[in-house]
Amino acid sequence: MSIALISKDRDFSKLQECILELDASIKVQKWPRVEDKTSVRMAVCWKIPPHTLQSFPNLQLIQSYGAGVSELFMDSTIPHHVPISRLILPSLAHDMLSYIQWRLKQIEFRGHTYEQQQKSIKWNPLEKVDMSVTPIGILGLGELGAKVATGLAEIGYKVNGWSLRKKDLPGVDCFDKMELNEFLSRVQILVCLLPLTPATEGILNLELFKKLLQPASIINVGRGPHLVDEDLLYAMDIGLISEAYLDVFSTEPLPGHHPFWNRSHIHITPHIASRTRAEDAAKLIVENYKRISSGMEAQFLVDRKVGY
Ligand code: GLV
């Protein structure tokens, strides 16, 4: 029995080391050099090429190397009978909260304006943005969204949260599926932390932007296809959105010719808001491997019907 580590864009050497440190008896094979495909019971996947999993006939678990699994769901070549598990790690939620706090601080202190001022050698102190009257909205109150929403509320931000089913979170005004418009009408800084499903694809569009308190800011740390790129550009041109902080993109890496690169009010990071650390992931991977090896169900399985 063995584990295969498969990714087009992450080097899994460290992960392999961390797994072996925890249990040296596990055979860990790093794709594309998987000698013994029939022995593979668990595949750890992050951005895998289509068809890759079809060559493992005895696979019992597909383990996502991230909190999101949409890439796996969207790949129709992934075997349907094999359960998929996602990574739920305290460090992912912690990092996501830090990233959002960083972006909120930039908004509060007008970091962007001062960067522009520096470029034109200008000294012009401005009032800070008053965050006590600048409501934040978290779209998606799952593992990460709920922790970000409560974490921000705890340190004094005014936080609204939206999810399909109503949640009850301390300090957060929660809204459900039917209350999206009411939620949007109370939000000036919108953070997208939704899972990507057919129902949420393209949700960040012009119609939605019009419903926010103006001028709004957008922080997208969900998935690129949540956002309709041309709608964002248009919404910025007509003054509905003042700043956009984007960490995820429909095509990653974001192609060099994409107009986002040259917009001074669009702030880009390369999908780093919450990046899985090998040390943390290895523990969960080894635990899940032990579970499936002894005929038990893996932890954090996703529901293929709902898509997360
Ligand atoms: C990152 O985007 C993840 O899904 O963990």
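Where does Pro-215 lie, in terms of the elements on either side of its loop? The last view below returns to this residue. This is a predicted model in which local features need pLDDT of at least 70 and side-chain atom pairs count only at pLDDT 80 or more, while totals for chains, interfaces and linings use all residues. Residues are numbered from 1 along each chain as its sequence is written, and side-chain values use heavy atoms, with hydrogens and water left out.

View 1. Look for the backbone of Ala-67, where an N or O atom lies 2.6 Å from a ligand oxygen. A polar backbone atom of Gly-68 is 2.7 Å from an oxygen atom of the ligand. From Arg-223, it is a side-chain N or O atom that lies 2.7 Å from a ligand oxygen. On its own the ligand has 200 Å² of accessible area, and the protein covers 89% of it (Shrake-Rupley method, 1.4 Å probe; for residues, only the protein chains shown count as cover).

**View 2. The sheet of seven strands.** Follow the order β8-β7-β6-β9-β10-β11-β12 through this open, parallel sheet. Helices (H or I, at least four residues) and strands (E, at least two) are DSSP runs, numbered from the N terminus, and two strands pair if DSSP finds at least two bridges between them. The edges are β8 (172-175) and β12 (266-268), each with a single partner strand, so one side of each has no neighbour in the sheet. Neighbouring strands are turned against each other by 15 degrees on average, direction ignored (axes are lines fitted to C-alpha atoms, for helices over the stretch in contact, and angles run from 0 to 180 degrees between N-to-C directions). Five bridges join β10 (residues 216-220) to β11 (residues 241-246) in the parallel sense, and Ile-219 has Tyr-245 of β11 as its bridge partner. Helix α8 (residues 229-237) lies across β11 and β12, at about 145 degrees to β11 (contact means heavy atoms within 4.5 Å).

**View 3. The sheet of five strands.** Here the open sheet runs β2-β1-β3-β4-β5, again with parallel pairing. At its edges stand β2 (27-30) and β5 (84-85), each with a single partner strand, so one side of each is left without a neighbour in the sheet. Strand β4 (residues 61-64) is joined to β5 by two bridges, with Gln-63 partnering Ser-85. Helix α1 (residues 13-22) lies across β1 (2-7), β2 and β3 (40-46), and runs at about 180 degrees to β2.

**View 4. Backbone features in the loops.** Most residues other than glycine have a negative phi, and most peptide bonds are trans. The bond from Trp-31 to Pro-32 is cis, with omega near 5 degrees, and Pro-32 sits in the loop between β2 and β3. Gln-214 to Pro-215 is also a cis peptide bond, with omega near -15 degrees; Pro-215 lies in the loop between α7 (206-211) and β10.

Definitions and conventions: Polar contact = N/O pair within 3.5 Å; in protein donor to acceptor, adjacent residues only side chain to side chain.
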